[in-house]
Amino acid sequence: MSASEKKIADYILEHLDEVLESTSASLGEKTGTSSATIIRFSKTCGFSGFSDLKNSLHKELHNQERNRISVDEVSGDAGISIIKQKVLGYHNAVINSMLSSWNESAYGMAVDAIFSAGQILIIGEGGGRSSASCFYDVLMQLELPCIFYTDFVYGAMQIGTIQPNDVVIVISYTGRASNTIQCLKLAKSRKLITIGLIGTHESPSLPYVDIVLSTSISRDNYASSALGVRISELAVIEILYAMYTAQHGGTMEDEWYKNPYVEYCRVPGELE
């Protein structure tokens, strides 16, 4: 290992949390090296690049945290306070893991694609169907042209009718279901923009997703039905919503009540 590589390795070990939030350029500046040196160091360590190295660090930290506060460790005779601590601790770890893998450019591209699309198709797979339904509600509040399907046959039929550069959004923890992959393949063949709220970094859907919004750093498939996963998916959706409203100089409440159809749902005297 060269002197510069040893310097990088030492810095990573001593400033792990900081490194997880860094880019190769910023880490190069902090270590007195360069972005190219950081990427070369990552490849020397057996990773495809710096992002891959960070994903591996995310995984290890997440596994350590989950082993420490796993809900599965709650015994049958645990008291209410212990159960509460374990459950809320696990959910907090899921959110923190999602934030640690934050990709600002991906969120920016997703907002631009979604809010400029002529048509948006949302498809929910497995436990992700409930989150997909919530995303549909959000886009409807913003009066955006969107369709929501849980039936992949109808989803595939709809993909055949929308135009290039429109958007297909898939929400799935693992992205392993053949229906999910086939719909994404079809969307790519139609030159549609594909956005995936995907939980696992080794998902076979990833080659067919243009913009990945990671909802977890876990590589475990069993957690797809966990409420913590749904919470992280909903957090991603709300971040996109907040980014949109911020770009338009308002607040989320402003956007909600700007929709004229909401007036039909208001209780007389509400918010007056």
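Me: Which residues of β1 are buried on one side, and which on the other?
Reply: In this predicted model, both faces of β1 are covered, and the residues named on each are all buried. In a regular strand the side chains alternate between the two faces of the sheet. One side of β1 accordingly carries Ile-120, Ile-122 and Gly-124, and the other carries Leu-121 and Ile-123.

Me: How many of the five residues of strand β1 are buried?
Reply: A residue counts as buried when its relative accessible area is under 20%. Strand β1 spans residues 120–124, and it is largely enclosed by the rest of the structure because the number of its residues that are buried is five of the five.

Me: Which residue in β2 does Ile-122 stand opposite?
Reply: Strand β2, residues 146–149, runs parallel to β1 and is joined to it by four bridges. The two strands also belong, with helix α8 (residues 128–141), to a right-handed β-α-β unit. Within β2, the residue opposite Ile-122 is Phe-148.

Me: What is the bridge partner of Ile-120 in β3?
Reply: β1 also pairs with strand β3, which covers residues 167–172, and this pairing is in the parallel sense over five bridges. In β3, the partner that Ile-120 meets is Val-167.

How values were computed. Residues are numbered from 1 along each chain as its sequence is written. This is a predicted model: local features need pLDDT of at least 70, side-chain atom pairs count only at pLDDT 80 or more; totals for chains, interfaces and linings use all residues. Side-chain values use heavy atoms; hydrogens and water are left out. Buried means under 20% relative accessible area, exposed over 50%, partly exposed in between (1.4 Å probe, protein chains only). Two strands pair if DSSP finds at least two bridges between them. A crossover is right-handed if, with the strands pointing away from the viewer, the path from the first strand over the helix to the second runs clockwise.
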